[in-house]
Amino acid sequence: MSAEAPEGTRRTTAGGRPGARPADAPPSHHGRRPARGRDLRTAALFLGPALAAIVLLRLLPFAGAAWSTLFERVGVGLLAEQRFAGLANYQQLLGDPLFLGTLWRTIAFNLVINPVQIALAMAVSVLLVQRLPGRGLWRVFVFVPCTVPLVGSSVAWGVALRQDGPVNGILVALGLAPQPFFTSPQQSLASVALVASWIGIGYWMLFLIGGLNDVNRELYEAASLDGAGRWRTFTSVTVPMMKRPLLFVLVADTVANFVLFVPVQLLTNGGPDQSTTMLMFDAYRRTYTYSQPNLGATAILILTLIMLAIVALQFRLLKEED
């Protein structure tokens, strides 16, 4: 009896107090709830300002603009009134040949410039991940245009491509005829695309280089052992492994070029002969030049819907298989 009593006492007092949980028992779930609550409060503390800014500066103004598309402005100046018009603004824009021309020009511009920019950025990225002498310095040179504000780049290119500018001076020195660039309906849109690409290629290069550095080197070694050449390795290994970075760059580039505005306003003002007027500039001009804010908001909403449809199609085409 005297030998068994201490043993029984030890059983009941395991863990330091009578009835305590044995050391090998699973942990209780009651302690997780306070920790989870603290995590949620911490996340809300850090994300709250950003979410509030998105709602106040993005979502609410967009909702207000979408609501204003259902009204029309009657009168001018401070005496103007808003009158409910239903879908009249949409009917007016979609029945306007000039607006339809602007719409198709914007879509065509993006169908051309986006693949060109991404292809050039990909080519530069593949080149600059090789073991080249001064590789870091070349990357800096390509990225430098991104550090210059778009206004500054537009002004610089406007000077370079004017009739008596240095580019035409070089062409004349080579025995070629000077080109009109921004003053020609045939060349003005391509010149605007040049200014946009001057900045965009270096910017997208950074994301693509990051994606290339994450590709497993063993895949390249396996392709080399199988006798695959450089082009076959690029199409069968690099491109499939770069789907996510390419999707991000494609979507971001599409959004950036759909809302391209500064080069158009500074260099061509939509001309000559409306050849560089795109939806973003058209919405700005209707709102602030023609005092038609409701039509301007309608143009922005149409632009947003088209952009979202194209982005959704891009996500579908580049969707990764499970």
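The protein has 14 helices and two strands, where helices (H or I, at least four residues) and strands (E, at least two) are DSSP runs numbered from the N terminus. This is a predicted model, in which local features need pLDDT of at least 70, side-chain atom pairs count only at pLDDT 80 or more, and totals for chains, interfaces and linings use all residues. Residues are numbered from 1 along each chain as its sequence is written, and side-chain values use heavy atoms, with hydrogens and water left out.

Next, select Phe 109, Phe 182, Leu 260 and Met 278, the residues with the most contacts inside the largest nonpolar core, which has 19 residues. Such a core is a set of buried Ala, Val, Leu, Ile, Met, Phe, Trp, Tyr and Cys residues joined through side-chain atoms within 4.5 Å. Two or more residues of this core come from each of α4, α6 (150-160), α8 (188-213) and α12; α8 gives the most, with five.

Centre the view on Met 278. Beyond its neighbours within four places in sequence, Met 278 is in contact (heavy atoms within 4.5 Å) with Thr 102, Thr 106, Phe 109, Leu 189, Leu 260 and Val 264.

Finally, select helix α13 (residues 279-289), whose buried residues are Leu 279, Phe 281, Asp 282, Ala 283, Arg 285 and Arg 286. Their cover includes α3 (88-94), α4 (97-128), α12 (262-268) and α14 (293-317). After α13 comes Ser 291, with a positive phi near 55°.

Key. Buried < 20%, exposed > 50% of the residue type's maximum accessible area, 1.4 Å probe, protein only.
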